[in-house]
Amino acid sequence: MNKRLFIRTYGCQMNVYDSDRMAESLAPHGWRRVQSPEEADLVVLNTCHIREKAAEKVYSELGRLRRLRAERVARGEPPMLLAVAGCVAQAEGEAMLERAPYIDLVVGPQAYHRLPELLARRAREKGAALATDFPVESKFDHLPERSGPSPVSAYLTVQEGCDKFCTFCVVPYTRGAEASRTVAAILAEARSLLAGGARELVLLGQNVNAYHGEGPDGRTWSLARLLEALAELEGVLRLRYTTSHPKDMTADLIEAHGRIPSLAPYLHLPVQAGSDSVLEAMNRGYTAADYRRIVERLRAVRPDLALSSDFIVGFPGEREADFEATLDLVRQVGFAQAYAFKFSARPGTPAAAMRGQVKDAVKAERLARLQALLAEQARAFNEALVGRTVPVLIDGPGRHPGQLVGRTPWQQPVHLDGAGLSVGDLVPVTITRCHAHSLAGRWEAGATGEGRA
Ligand code: SAH
Ligand code: SF4
Ligand code: F3S
């Protein structure tokens, strides 16, 4: 019998990857994915705990789903099961069942391979099933390989968890200690993704550049070494990795950016703040000058490298002068894209209990100033592409018939006339126009263009 599964994903790319893996682990048990909760027999919310807003969204969504379920029962239809997965499930566990006792299943990020068993248990027994332990066995040993055709760009988790304990962050608690998959497991998954049509591999990890997995030679491989091996695989046109920590931008990884042509010249390197005292209170382990030096070294080996970043404004103790140091750093480095957030006090993290909490009005005002500067830099970056010929990886059909859409190494979508091109091609494209959220371009058949990925 076909059972219908709906998954709503919040938070980071790791959750997107995990949602696919959950669907795959349920597929052999007759579950197929549907497009809306209305048609589903099981609704999974794959949640994010990073900021208060993200976590609260889950409860309002659960309230909506509970009403949907009641309406179905009132119509005489069978009710659907409600499951909560991801980082809120991990962080709140039992507390979640107290606040929303109508949930059927709570499953943390390390227990997804147990979903079929948990569903069976739920069907057998009364009461919710809860799985938020960190098992010794790895979920990766159990989840089946991705099947069927993959999109051109595929996520591949290589590392999970974090040992950094930045004072504001819940991730070390929700994802657990840093763990790297073995090189053999990653290469096998990469081959299967490539065989399914993927041309770009995006390596994922909460601290992806802290990767230190066991290699086939029995030694520990770094991310740089892993990237070299992946670049050798047949069919790889572009490689990316996210999210990195500045402290783990080692010399060999920086050099890899100069050495590996398919490694995209684009790096998400969260800096969080430009003030050294704030960085220290955050326990980030680097200064603003360290960060600038890393960027200089990267640009020395790969001059077309662009950066994106994350920022937190209004961290406890942040004064106007500290905030201005953040603005200065942004002006000095120049970002192609960035995300800025108001500090959100997360239960159980050291920063939540620090003195000098900043008023929301001040946070809002700083956020607006920072976002204005970042938006101006992003616009300038995109506009500077007009007239340049850059490598574009064709992703799929565009807006109009005959059009295709692809992406530059810096991730902007480019719309172009698709005649003679296929999905999965990497071709030189001259950028002709810059719109608010995309670019337009022209394929230069026969040209080599600049850049390599
Ligand atoms: N591992 C990554 C970040 C993962 S969380 C790193 O080390 O940079 C993604 C982003 O959310 C962070 O970079 C940070 O900017 C933001 N963030 C995390 N905790 C936050 C909090 N308590 N309040 C506001 N923003 C937060
Ligand atoms: Fe969170 Fe990233 Fe810091 Fe780890 S390194 S604690 S994931 S912000
Ligand atoms: Fe959110 Fe968990 Fe990712 S807290 S950002 S879903 S690791």
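Biologist: Which residues does Gln206 touch, not counting those up to four places away in sequence?

Modeller: Gln206 touches Cys12, Met14, Gln159, Glu160, Gly161, Val171, Arg175 and Thr243. One caution before we go on. This is a predicted model.

Biologist: Where is the place of Gln206?

Modeller: Gln206 sits in the loop between β10 (200-204) and β11 (212-214).

Biologist: Does Gln206 count as buried or exposed, and why?

Modeller: Read the relative accessibility. Under 20% means buried. Gln206 has 17%, so it counts as buried.

Biologist: Which backbone nitrogen lies 2.9 Å from a polar atom of the Gln206 side chain?

Modeller: That of Gly161.

Biologist: Now the ligands. Which residues come nearest to ligand 1?

Modeller: There are 16 residues around ligand 1. Phe168, Gln206, Gln272, Asp310 and Ser344 come nearest. Then look at individual atoms. A backbone N or O atom of Gln206 lies 2.8 Å from a nitrogen atom of ligand 1. Arg51 has a polar side-chain atom 3.0 Å from an oxygen atom of ligand 1. For Arg284, a polar side-chain atom lies 3.2 Å from an oxygen atom of ligand 1.

Biologist: Which residues surround ligand 3?

Modeller: Gln206 again, along with Cys12, Asn15, Thr47, Cys48, His49, Ile50, Cys87 and Arg175. Sort that shell by class. It has four nonpolar, four polar and one charged residues.

Biologist: What is the make-up by class of the shell around ligand 2?

Modeller: Seven nonpolar, two polar and two charged residues. Among the residues surrounding ligand 2 are Cys162, Cys166 and Cys169. Phe165, Phe168 and Arg284 are also included.

Biologist: On to aromatic pairs. How many are there?

Modeller: The count comes to six aromatic pairs. Take Phe311 and Phe335. Their ring centres are 5.6 Å apart and their planes stand at 90°, so the pair is edge-to-face. Phe311 lies in strand β15 (residues 306-313), and Phe335 in the loop between α11 (320-333) and β16 (337-342), so this pair ties together parts that are 24 residues apart in sequence.

Biologist: Are Phe311 and Phe335 buried or exposed?

Modeller: Phe311 is buried, at a relative accessible area of 0%. Phe335 is buried too, at 3%.

Biologist: How should I read the rings of Phe315 and Phe343?

Modeller: Two values do the work. A pair of aromatic rings is described by the distance of the centres and the angle of the planes. For Phe315 and Phe343, the centres are 5.4 Å apart and the planes are at 70°, so this pair is edge-to-face. Phe315 is buried at 0% relative accessibility. Phe343 is buried at 4%.

Biologist: Which residues do ring pairs link into a cluster?

Modeller: Phe168, Phe315 and Phe343.

Biologist: Which ring does the charged end of Arg51 sit over?

Modeller: The ring of Phe341, 3.5 Å from its centre. Arg99 gives another case. It lies over the face of Tyr59, at 3.5 Å from the ring centre.

Biologist: Next, a helix. Which residues of helix α7 are buried?

Modeller: Helix α7 spans residues 223-231. Leu223, Ala224, Leu226, Leu227, Ala229 and Leu230 are buried there. Their cover includes α6 (183-195), β10, β12 (220-222), β13 (238-242) and α8 (251-259).

Biologist: What about the backbone: which bond is cis?

Modeller: Most residues other than glycine have a negative phi, and most peptide bonds are trans. Here a cis peptide bond joins Thr242 and Thr243, with omega about 5°. Thr243 lies in the loop between β13 and α8.

Biologist: What is the phi of Phe165?

Modeller: Near 50°, a positive value in a residue other than glycine. Phe165 is in the loop between β8 (159-160) and α5 (171-174). It is partly exposed, at 37% relative accessible area. Asn283 also has a positive phi, about 60°, although it is not a glycine. Look for Asn283 in the loop between α9 (276-281) and α10 (288-301). Asn283 is partly exposed, at 39%.

Terms used: Residues numbered from 1 in each chain as written. Chains lettered and ligands numbered in written order. Predicted model: local features only at pLDDT ≥ 70, side-chain atom pairs only at ≥ 80, totals over all residues. Heavy atoms only, no water. Phe/Tyr/Trp six-rings, centres within 6.5 Å; stacked < 30°, edge-to-face > 60°. Helix = DSSP H or I, 4+ residues; strand = E, 2+ residues; numbered from the N terminus. Buried < 20%, exposed > 50% of the residue type's maximum accessible area, 1.4 Å probe, protein only. Lys NZ or Arg CZ within 6 Å of the ring centre and 35° of its normal. Polar contact = N/O pair within 3.5 Å; in protein donor to acceptor, adjacent residues only side chain to side chain. Contact = heavy atoms within 4.5 Å. Near = heavy atom within 4 Å. Nonpolar A, V, L, I, M, F, W, Y, C, P; charged D, E, K, R; others polar.
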